[in-house]
Amino acid sequence: QVQLVESGGALVQTGGSLRLSCVASGRTFSSLYMGWFRQAPGKEREFVARIRWSSGMPYYADSVKGRFTISRDNAKNTVYLQMNELKPEDTALYYCAAGWGVVPAGYDYWGQGTQVTVSL
């Protein structure tokens, strides 16, 4: 049974930082990308960042480039999203997922989400 469990979401002030974690279990993901997506109330789920599990190569949405960093720890089966210089528009439910590409439809496995709220 595949399981992705996110943690690290919180309430933070504008300009602050958070680190999200996603622990993966149940199968190997070496051939897949691990992605972070987010969904704000009333909006569609959007791509944030992804990392190739095998190579560690990252890719970011323009909206977070230079502020967010995705990384992974193979030994811990964990993917991280370091978020710096947070803005109110970063407020959303953040999901970890395993799959391909940069759209939600390409990802077969999802976590339950962790809430990030950025206050003014």
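Here is a short briefing on the structure shown above.

Welcome to a predicted model of a chain that holds eleven strands and zero helices.

**Overall build**

- From the N terminus on, the elements run β-β-β-β-β-β-β-β-β-β-β.
- The C-alpha trace spans about 40 × 25 × 25 Å along its principal axes.
- The radius of gyration is 13 Å, which agrees with the value near 14 Å that a compact globule of 120 residues would have.
- Buried residues account for 42% of the 120 residues in the chain.
- Among contacts with a separation of 6 or more, 55% are between residues 24 or more positions apart.

- You will find Asp 90 in the loop between strand S8 (78–83) and S9.
- Asp 90 counts as buried because its relative accessible area is 1%, and buried means under 20%.
- Asp 90 forms a salt bridge with Arg 38, where the closest N and O atoms are 2.9 Å apart.
- That pair links distant parts of the chain, since Arg 38 sits in strand S4 (residues 33–39), 52 residues apart from Asp 90.
- Asp 90 also meets Arg 67 in a salt bridge (2.8 Å, N to O).
- Arg 67 lies in the loop between strand S6 (58–60) and strand S7 (68–73), so this pair ties together parts that are 23 residues apart in sequence.
- Both Asp 90 and Arg 67 are buried.
- Leaving aside neighbours within four places in sequence, the contacts of Asp 90 also include Phe 68, Glu 85, Val 116 and Val 118.

**The rest of the network**

- Arg 38 also meets the side chain of Glu 46 in a salt bridge (2.6 Å, N to O).
- Arg 38 is buried, with a relative accessible area of 5%, whereas Glu 46 is partly exposed at 35%.
- The chain has a count of four salt bridges.

- Tyr 59, Val 102 and Val 103 make a nonpolar surface patch of about 260 Å².
- Val 102 belongs to the loop between strand S9 (92–99) and strand S10 (107–110).
- With a relative accessible area of 34%, Val 102 is partly exposed.

Technical notes
Residues numbered from 1 in each chain as written. Predicted model: local features only at pLDDT ≥ 70, side-chain atom pairs only at ≥ 80, totals over all residues. Heavy atoms only, no water. Patch = residues over 30% accessible without salt bridge, like charges linked within 9 Å, V, L, I, M, F, W, Y side chains within 5 Å. Areas by Shrake-Rupley, 256 points an atom, 1.4 Å probe, with all protein chains shown as cover. Helix = DSSP H or I, 4+ residues; strand = E, 2+ residues; numbered from the N terminus. Buried < 20%, exposed > 50% of the residue type's maximum accessible area, 1.4 Å probe, protein only. Contact = heavy atoms within 4.5 Å. Rg over C-alpha atoms; globule rule 2.2 N^0.38 Å.
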